[in-house]
Amino acid sequence: MTKPEACIFDLDGVIVETSDAHFNAWQRLAESLDISFGEEFNEQLKGVSRRKSIEKILALDDRELPEDEIQQLMDKKNGWYQDSIAELTPDDILDGVPEFLEQLQEMEIPLGIGSSSKNAPYIIDYLQLNSTFGVIIDGNKVENTKPDPEVFLKGARALNADPVKTIVFEDAASGVEAANRGGFVSIGVGSEEYLGAADLVIQNFKDLTPEKLFNQISDK
Ligand code: B16
Ligand code: MG
């Protein structure tokens with residue numbers, strides 16, 4: 001692939017490792033309801049909204065709860081999650097990511113965030129990345145959660161980029177599916193086992209340069 005028109009990054013699991021904080025908070029909540037789940041099920045919670053996540057957890061036990069209780073449970077989980085992310089600093093940006101972003105900026109490639117998280121604005125502040133991304137589309141700005149492509153399509157539109165010529169970086173199967181459904185070039189960040197649907201899977205950003213990556217992407 002030649003130089004893309006834009007690059008859109010998922011946040012949790014791509015720029016910063018907050019997936020464990022989500023996992024711990026959901027597990028703690030599930031335990032309080034006598035529901036248990038492990039890492040494999042947790043993969044299904046990555047990239048999807050808070051609402052979809054609690055629905056999936058309750059469905060594990062065919063549990064149906066009134067709306068006000070569901071709301072209270074989501075608030076409780078979010079409180080625990082917010083406590084743990086309040087400690088984030090720029091040092092928590094994942095290895096290789098700052099260098100990779102800098103090189104993309106030097107190439108004048110517009111950059112955006114496409115996250116399902118309603119906490120994305122706080123995380124970006126803690127990481128001091130506000131000026132890096134021209135466009136931030138998060139869970140507060142979309143109606144449909146990943147795997148719906150809305151978050152990335154809104155990002156591409158705001159960056160004035162054609163999805164076919166835009167790269168999306170994602171750590172979740174739901175996010176890779178969203179990128180593919182939107183017609184983007186999808187890069188899975190993590191394990192081939194869960195992200196095999198991506199156009200290309202990378203383990204992380206360590207020692208990766210934009211040139212190396214673009215060369216590895218075969219045209220769709
Ligand atoms: P919140 P991403 C997603 O962020 C997480 O992967 C997912 O686990 C979480 O449930 C979702 O955000 C909603 O997060 O409760 O903070 O609104 O990976 O799309 O950046
Ligand atoms: Mg993610």
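The C-alpha centres of domain 1 and domain 2 lie 24 Å apart. Keep in mind as you look around that this is a predicted model. To find the two parts, follow the domain assignment: domain 1 covers residues 6–17 and 90–219, while domain 2 covers residues 19–85.

Now let's turn to where the domains meet. Here 15 residues of domain 1 are in contact with 15 residues of domain 2. The size of an interface is often given as the accessible area lost when the parts come together. For domain 1 and domain 2 that buried area is about 1200 Å², with carbon and sulfur atoms giving 48% of it. On the domain 1 side, Glu17, Asn119 and Tyr194 lose the most area to domain 2, and together they make up 36% of what that side buries.

What kinds of contacts cross this interface? Seven residue pairs are in polar contact between domain 1 and domain 2, whereas the count of salt bridges is zero. Helix H6, residues 120–127, gives the most to the side of domain 1 that touches domain 2, with three residues. By class, that side of domain 1 has five nonpolar, five polar and five charged residues.

Asp10 lies in the loop between strand E1 (6–9) and helix H1 (19–32), and Asp171 lies in the loop between strand E4 (166–170) and helix H8 (173–181), so the pair ties together parts that are 161 residues apart in sequence.

Notes. Residues numbered from 1 in each chain as written. Chains lettered and ligands numbered in written order. Predicted model: local features only at pLDDT ≥ 70, side-chain atom pairs only at ≥ 80, totals over all residues. Heavy atoms only, no water. Domains from an automatic or database assignment. Contact = heavy atoms within 4.5 Å. Buried area = accessible area lost by both parts, 1.4 Å probe. Salt bridge = Lys/Arg side-chain N within 4 Å of Asp/Glu carboxyl O. Polar contact = N/O pair within 3.5 Å; in protein donor to acceptor, adjacent residues only side chain to side chain. Helix = DSSP H or I, 4+ residues; strand = E, 2+ residues; numbered from the N terminus. Nonpolar A, V, L, I, M, F, W, Y, C, P; charged D, E, K, R; others polar.
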